[in-house]
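Subject: Structure handover and what was found in it

Dear colleague,

I am passing on the structure we spoke about, and I would be glad if you could look through it alongside the notes in this message.

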Amino acid sequence: MKFLLHTYGCQMNVRDAEAVAAVLEAAGHLPAVDENDADLILVNTCSVRGKAEDKAVGKLGLLCAGKRLAPHRLVGVMGCMAQRRGAALLKKIPQLDLVLGTRQQQALPELLARLTAGERGILQLDDPTATPRVSQAHRAGAISAFVSVLLGCNRRCAYCVVPDVRGAEYSRPAKDILEEVQQLADAGVREITLLGQSVMNYGRSNAVWETPPTRSPGGFQEDFPRLLEAVSAIAGIRRLRFTSGHPSGCTNELIRAMRDLPHVCPHLHLPVQSGSDRILELMRRGYTAAQYLEVVGRLRAAMPSFALTSDVIVGFPTETADDFEATRHLLAAAAFDNSFIFKYSPRPGTPAAAMPDDVPTAEKIRRNQVLLADQDILGQRLNDACLNQTLHVLVEGVSLRNTQRWAGRSPGNKIVLFTHQPTIAVGDLVPVQITRAAAQTLYGDVVGLADAHVPSATLTPQAALPLPNKEPL
Ligand code: SAH
Ligand code: SF4
Ligand code: F3S
């Protein structure tokens, strides 16, 4: 059978799609080149905003209508909307062949056998009481890979549907994660991104070590820094990233791990959501703007080349012009390298959905545009500061726009384009001197030899500053 996946949403969905593709390929199925070529089309959905769901429903409707011309084609839905709406989706779009929860990748070959035998409208959702089975399957050939370490979320921010959909927090056993990373490293992967909604909560809700590692003096006591240390020690891994962060996870030990462990990149995606304390409290984020900035200060003090990215929601219920100004101030004070700005969208069943959605759409759009413009200026300024610097770039491949150029990423996760040289291969770390800076992209020239074996910690200046002895939130 030839399959095609359409993926919306966050990195979790990207990772799940990859697992599905790998599971299907291992079962003898082949990727299709396009929709016409496909016997099975799976739409991998996101529920985080209403628009994301509407788009997916529209797409599914079109695909199901297309079955008139290709009656053999199977259409399925997976991901967060599939899990959230389940049977209701089958009712709304009766031609759907399969509705799959977010933790069902391994069940797919068996479900496909049932579909081949003629069954239709199969509903296979996650059981919130069962221990999740996570597929460790990856496709071959990549330089970079996502590894899920923490599933679900326990934070319950007032606006967010993710905890309802993805369930309670569950940390995968460290042994499984390390095995998965080892296999990836053996297959040529050089960069790992560990995934979780509040990824530093790893190990806080359930035990993760078979036998707790001995706690050496000076070693890490907390589970997530320990995991970083163990992953970073796997031969072949040159870069280690993780996302998303929450200020409560930025303990001094975590910051020390980021600063001192080889390969861990000095970059954090730390969504702030708002700069107004009143709104932050209504959002139930668990910090004030000042506390957020204090955390950022500690990160920057420890890592001179630290890069920070964020998410912001505009138009949360009751957000006033003053609240919005506070967000603009915070954006400037935190100096984000990049941020994603979202217009608030009420999600059924969340506490915020019971509040008045009282910021008019036009005003949400305006605030969104103001922050985008602020961020553009800020991003350009921060990228200009990279001019003439030499950044170490992990080579990802030929640039999509210009095949004479190659593309990679800096330790701070900025896209860097550079002129290719025949000695450079995908997966190398090369020193690139920056000659031109746009708001989203840096351009430069290779100024030295590719060194496949230099750990990133020796490439980025890591001053041995003592950490301010401040208790985390
Ligand atoms: N777990 C991550 C965020 C996952 S959702 C974290 O907390 O860091 C990704 C982003 O979508 C959030 O950071 C938030 O900015 C945005 N978002 C979530 N729910 C939303 C809603 N109801 N309306 C608008 N944006 C929302
Ligand atoms: Fe949603 Fe908050 Fe959990 Fe992030 S931390 S997934 S925003 S509830
Ligand atoms: Fe991600 Fe969207 Fe689900 S943000 S966790 S795909 S609701």
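This is a predicted model: local features need pLDDT of at least 70, side-chain atom pairs count only at pLDDT 80 or more; totals for chains, interfaces and linings use all residues.

The protein chain contains 13 helices and 19 strands. Its radius of gyration is 23 Å, close to the 23 Å that the globule rule gives for 473 residues, so the chain is as compact as a globular protein of that length. Along the principal axes, the C-alpha trace of the protein chain spans about 65 × 55 × 50 Å.

Two packed helices are described by the angle between their axes and the distance between the axes. For helix H2, residues 50-65, and helix H3, residues 80-92, that angle is about 40° and the axes lie 13 Å apart. H2 and H3 are therefore oblique to each other, and their crossing is right-handed. On the H2 side the contact involves Glu53, Ala56, Val57 and Leu60, which meet Met81, Arg84, Arg85, Leu89 and Lys92 of H3. Sorted by class, the residues in this contact of H2 with H3 comprise 5 nonpolar and 4 charged ones, with no polar residue.

The other pair is formed by helix H11, residues 321-334, and helix H12, residues 361-384, which pack at an angle of about 15° with their axes 10 Å apart. Angles under 35 degrees count as roughly parallel, and H11 and H12 are therefore roughly parallel to each other. The crossing of H11 and H12 is right-handed. H11 contributes Ala321, Phe324, Thr327, Arg328 and Leu331 to the contact, while H12 contributes Arg367, Val370, Leu371, Asp374, Gln375 and Leu378. In class terms, the contact of H11 with H12 is made up of 6 nonpolar, 2 polar and 3 charged residues.

Turning to the ligands, the surroundings of ligand 2 consist of Cys153, Arg155, Arg156, Cys157, Tyr159, Cys160, Val162, Pro163, Gln197 and Arg285. This shell around ligand 2 divides into 6 nonpolar, 1 polar and 3 charged residues. Around ligand 3 one finds Gly9, Cys10, Asn13, Cys46, Ser47, Val48, Cys80, Arg166 and Gln197, and by class that shell holds 4 nonpolar, 4 polar and 1 charged residues.

Note on methods:
Residues are numbered from 1 along each chain as its sequence is written. Chains are lettered from A and ligands numbered from 1 in the order in which they are written. Side-chain values use heavy atoms; hydrogens and water are left out. A residue is near a molecule or strand if one of its heavy atoms lies within 4 Å of it. Ala, Val, Leu, Ile, Met, Phe, Trp, Tyr, Cys and Pro count as nonpolar, Asp, Glu, Lys and Arg as charged, and the others, Gly among them, as polar. Axes are lines fitted to C-alpha atoms, for helices over the stretch in contact, and angles run from 0 to 180 degrees between N-to-C directions. Helices (H or I, at least four residues) and strands (E, at least two) are DSSP runs, numbered from the N terminus. Angles under 35 degrees count as roughly parallel, over 145 as roughly antiparallel, 65 to 115 as roughly perpendicular and the rest as oblique. A crossing is left-handed if the near helix is turned anticlockwise from the far one by less than a right angle, and right-handed if clockwise. Contact means heavy atoms within 4.5 Å. The radius of gyration is taken over C-alpha atoms; the globule rule is 2.2 Å times the number of residues to the power 0.38.
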